[in-house]
Amino acid sequence: MSLRDRKKDRTRRAIQSAGLQLFAQNGFQATTIEEIAAAADVAPRTFFRYFPTKEEIVFWPAYRPLLAELMAARPADEPAVAALCHAIVDGLSAFYDQDRERVLERLKLAFRTPALQPRLRQEQAISASALAKVLAGQLHASPEDLEVRAVAAAVAAARWVAVEEWQATDGGADLRTLMDRAFGTVLAGGVRSTATE
């Protein structure tokens, strides 16, 4: 990034940090944009240059791995759906090892704040659509194909279930392990019963 871009990124992250801290202290709905701007030592108009709404503080991704590139790095003989799942896990290092606590804080807010539930569902739908495009590229198919959309939706759902479980444990569980388990269930075609006779 250029010097200007790095400065903008630092300002954006400072505003996000101030917002997350205030949300944790006072609650999402009780916190005002003016309070966030003051805590970040910027003017409210500067806040809006970086975040159009309070929601964006929670949902703005500091790291956005390029999934298509991660897919391309997978072994050529690996099945497309397995490659997609493994590429997602590979991409965790883009934030999990560098900014784990901030990501966990954002996810806890997203899953535990009723006012953010509509946006969370929107993000889940966007995620499924993005995965469909990547998977379709690997299969030389259309992202609108029913089968592609169905598989991408299943993979996206598995990822969100793993993320939800991770935040529910306050980060106590290992996210990679949770994703491997969730994706393994999808790749295996379902859940085997553990009930005893």
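Colleague: Which residues does Leu84 touch, not counting residues up to four places away in sequence?

Modeller: Leu84 touches Leu67, Met71, Leu131, Val134, Leu135 and Val155 on that count; contact means heavy atoms within 4.5 Å. This is a predicted model, in which local features need pLDDT of at least 70, side-chain atom pairs count only at pLDDT 80 or more, and totals for chains, interfaces and linings use all residues. Residues are numbered from 1 along each chain as its sequence is written, and side-chain values use heavy atoms, with hydrogens and water left out.

Colleague: What makes a set of residues a nonpolar core, and which residues touch the most other members of the largest one?

Modeller: The set must consist of buried Ala, Val, Leu, Ile, Met, Phe, Trp, Tyr and Cys residues joined through side-chain atoms within 4.5 Å. The largest nonpolar core has 55 residues, of which Leu84 and Met179 touch the most other members. Nine residues of this core, the largest share, come from H9.

Colleague: Why does Phe111 count as buried?

Modeller: Buried means under 20% relative accessible area, exposed over 50%, and partly exposed in between (1.4 Å probe, protein chains only). Phe111 has a relative accessibility of 14%, and therefore counts as buried. Phe111 belongs to helix H7 (residues 100-112). Leaving aside neighbours within four places in sequence, Phe111 is in contact with Gln117, Leu120, Trp160, Val163, Glu164 and Gln167. Of these, Val163 is 52 residues from Phe111 in sequence, and the two are 9.7 Å apart in space, C-alpha to C-alpha.

Colleague: Is Thr31 buried or exposed, and how do you know?

Modeller: The relative accessible area of Thr31 is 1%, so Thr31 is buried. Thr31 lies in the loop between H1 and H2.

Colleague: How do you know how the span of helix H1 stands against the expected one?

Modeller: The expected span is 1.5 Å times one less than the number of residues in the helix. H1 (residues 3-26) has 24 residues and reaches 34 Å from its first C-alpha to its last, close to the 34 Å expected. The buried residues of H1 include Arg12, Gln16, Leu20 and Phe23. In an α-helix there are 3.6 residues a turn, so residues three or four places apart point the same way. The buried residues of H1 pack against helix H2 (33-39), helix H3 (44-50), helix H4 (55-59) and H7. Gly27 follows H1 and has a positive phi, near 95°.

Colleague: How many helices and strands are there in the protein chain?

Modeller: Helices (H or I, at least four residues) and strands (E, at least two) are DSSP runs, numbered from the N terminus. On that basis the protein chain has 10 helices and zero strands.

Colleague: What makes a set of grid points a pocket, and which residues line the second largest pocket?

Modeller: On a 1 Å grid over the protein atoms alone, a pocket is an open set of points with protein on both sides within 12 Å along at least five of seven lines, and lining residues have an atom within 4 Å of a point. The second largest pocket is lined by Val161, Ala162, Glu165, Leu178, Arg181, Ala182 and Thr185. H10 gives the most to this lining, with four residues.

Notes:
On a 1 Å grid over the protein atoms alone, a cavity is a set of points where a 1.4 Å probe fits but cannot get out, and a pocket is an open set with protein on both sides within 12 Å along at least five of seven lines; lining residues have an atom within 4 Å of a point.
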